[in-house]
Amino acid sequence: MLKNCLLATSSALLMGLGTSAHSAVELTMYYPIAVGGPLTEVVDGMIKDYQAQNPEVTVKAVYSGNYDETRVRALSALRAGEPVQLSVLGALDTHDLVEQGLVEAFSDVAQDAPSQDWLKSFYPALMANGTLEGKVWGIPFQRSTIVMFYNKDMFREAGLNPDQAPKTWDELVQTAQKLTNDKHHGLMIPSTGYPYWMFQAMALQNGRQLMNEEGTQVYFNDPKSVQALQFFHDLAYKHKVSPAGTIEWGTLRQAFVQGKTAMMWHTTGNLTAVKNEAKFDFGVAMLPAKEKAASPTGGGNFYLFKGANDEQKKAALDFVRWMTAPERAAKWSMATGYVGVSPAAYETQALLDYAKTFPQAVVARDQLAVASPEFATYETARVRELLSNAVQAVLTNAKTPQAALDEAQAAADRLLRPFN
């Protein structure tokens, strides 16, 4: 269990929140949803509660699709001169947002002592992607790790221990082989939407982070990266435990709850939807290890755009602090499956009680102990697309792992050359 080494008390974090210290202020916020379930209703409900406590602040929340669509819409509005103060964008977007001069550092705005304590209250693994050049640019909100969901009933039918998920790559293959039959696959890992993310998990497990800390270099064709992509490919073509070709991100959850696969890797943000939809006993486990256990973090951060006036900055800071306070972080985690972003969230009575009856809720939190930052570089969108295309080319048998990653490496090197 991850220790609460950075625990800040709820009372300190909430000091000064929920009061109408502003004149009439309007904030516009764009946000994405990348998983299933009625999460727009949850976000709207939280904003309604905030406005009830802060009637002088109006928050206009604009649901904008997935992460890529939200980035395009929010930045297009910003560049068109529309008033946009906040957005939830991918935690991996920090390099580009800072390099393009689009965002304010929260650490520059959060100057008083309670706000400084608040910045220190989050899990370090969730702060890594949003911290650059010694400043905090992104505040964790809907954050995740990749976890393994598995059908315990299918484990029992195959003579497997339903309380023991595979812990290594070899065990994963052996278990998936026992679970594969004419009715369902043993394992499915999504390879559309965010193929780079699933591949990054395997590379990390094989001992290779795909980029340097500065986001200026990538290691796509490192031998350990190539081995990881070969393993991804072999799940379908050698071990025959997964379907050949690409597997849809958006429909994999339904495939799992409909019994089409015994195991799946997916974001923990799908946990509550699986809980509500599955008609069978299911477990959640950390991802299996090769050289080590590992998962990249994922999900979205709050970002504060430049151009806000002083009153909007104060209101935006107050709103983001309110949304990420322990009670709200716990509520959001229970409603979605996303990680409660601070140790204090897991000390709330609500989440303590929830975890007792539904221990699957703390697996992603526990996995933060072995988590690494999500793949992020300068020119993030273009570099990430190169990697995702390489992964899909291999999974469709169009290219070998070595050839696909050599090509992606060369193209990424060209894009990143100005930053080296």
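Biologist: Is Lys240 buried or exposed?

Modeller: Lys240 counts as exposed, at 54% relative accessibility. Bear in mind that this is a predicted model.

Biologist: Where does Lys240 sit?

Modeller: Lys240 is in the loop between H11 and H12. The backbone there has a positive phi of about 60°, although Lys240 is not a glycine.

Biologist: And what about Glu133, which phi does that one have?

Modeller: Glu133 has a positive phi of about 55°, and it is not a glycine either. Its place is the loop between strand S5 (131–132) and strand S6 (135–136). Glu133 counts as exposed because its relative accessibility is 59%, and the cut-off for exposed is over 50%.

Biologist: Step back a bit. How many helices and strands are in the chain?

Modeller: The protein chain has 19 helices and 11 strands. Its radius of gyration is 21 Å, close to the 22 Å from the globule rule for 420 residues, so the chain is as compact as a globular protein of that length.

Biologist: What box do the C-alpha atoms fill?

Modeller: Roughly 65 × 50 × 35 Å, taken along the principal axes.

Biologist: What share of the residues is buried?

Modeller: Of the 420 residues, 61% count as buried. The accessible surface comes to about 16200 Å², and carbon and sulfur atoms hold 49% of that.

Biologist: What about contacts between residues 24 or more positions apart?

Modeller: Those pairs account for 78% of the contacts with a separation of 6 or more.

Biologist: Charges, then. How many positive and negative side chains?

Modeller: There are 37 positive and 43 negative side chains, and the centres of the two sets lie 4 Å apart.

Biologist: On to the strands. Why call S1 largely enclosed?

Modeller: Six of the seven residues of S1 (residues 25–31) are buried, so the strand is largely enclosed by the rest of the structure.

Biologist: Which way does S1 run relative to S2, parallel or antiparallel?

Modeller: S1 and S2 (residues 57–63) run parallel and are joined by seven bridges. Tyr31 has Tyr63 as its bridge partner in S2. S1 is also joined to strand S3 (residues 86–90) by two bridges, again in parallel. In that pairing Tyr30 stands opposite Ser87.

Biologist: How many bridges join S7 to S9?

Modeller: Four bridges join S7 (residues 139–151) to S9, and the two run antiparallel. Phe149 stands opposite Val284 in S9.

Biologist: Which way do the residues of S9 point?

Modeller: In S9 (residues 282–285), Phe282 and Val284 point one way while Gly283 and Ala285 point the other, and all are buried. Side chains in a regular strand alternate between the two faces of the sheet.

Biologist: Now helices. Which residues of H9 are buried?

Modeller: In H9 (residues 169–179) they are Trp169, Leu172, Val173, Thr175, Ala176 and Leu179.

Biologist: What do those buried residues pack against?

Modeller: They pack against S7, helix H8 (152–157), helix H10 (195–205), helix H11 (223–237) and strand S8 (263–267).

Biologist: Between H10 and H11 there is Met211. Buried or exposed?

Modeller: Met211 counts as buried, at 9% relative accessibility. Leaving aside neighbours within four places in sequence, Met211 is in contact with Gln217, Val218, Tyr219, Pro373, Glu374, Phe375, Ala376 and Thr377. Met211 and Gln200 are 11 residues apart in sequence and 10.0 Å apart in space, C-alpha to C-alpha.

Biologist: Which helix holds Val257?

Modeller: Val257 is in H12 (residues 249–257). Val257 is buried, with a relative accessible area of 15%. Outside the four places on either side in sequence, Val257 is in contact with Val274, Glu277, Ala278 and Phe280.

Biologist: How far is Val257 from Asn151?

Modeller: They are 106 residues apart in sequence, but 8.7 Å apart in space, C-alpha to C-alpha.

Biologist: Last one, Ala52. Where is it, and is it buried or exposed?

Modeller: Ala52 is in helix H2 (residues 39–53). Ala52 is exposed, with a relative accessible area of 63%. From Ala52 to Gly259 the separation is 207 residues in sequence and 43 Å in space, C-alpha to C-alpha.

Notes: Residues numbered from 1 in each chain as written. Predicted model: local features only at pLDDT ≥ 70, side-chain atom pairs only at ≥ 80, totals over all residues. Heavy atoms only, no water. Rg over C-alpha atoms; globule rule 2.2 N^0.38 Å. Buried < 20%, exposed > 50% of the residue type's maximum accessible area, 1.4 Å probe, protein only. Contact = heavy atoms within 4.5 Å. Areas by Shrake-Rupley, 256 points an atom, 1.4 Å probe, with all protein chains shown as cover. Lys, Arg positive; Asp, Glu negative; His and termini not counted. Charge placed at Lys NZ, Arg CZ, Asp CG, Glu CD. Pairing = 2+ DSSP bridges.
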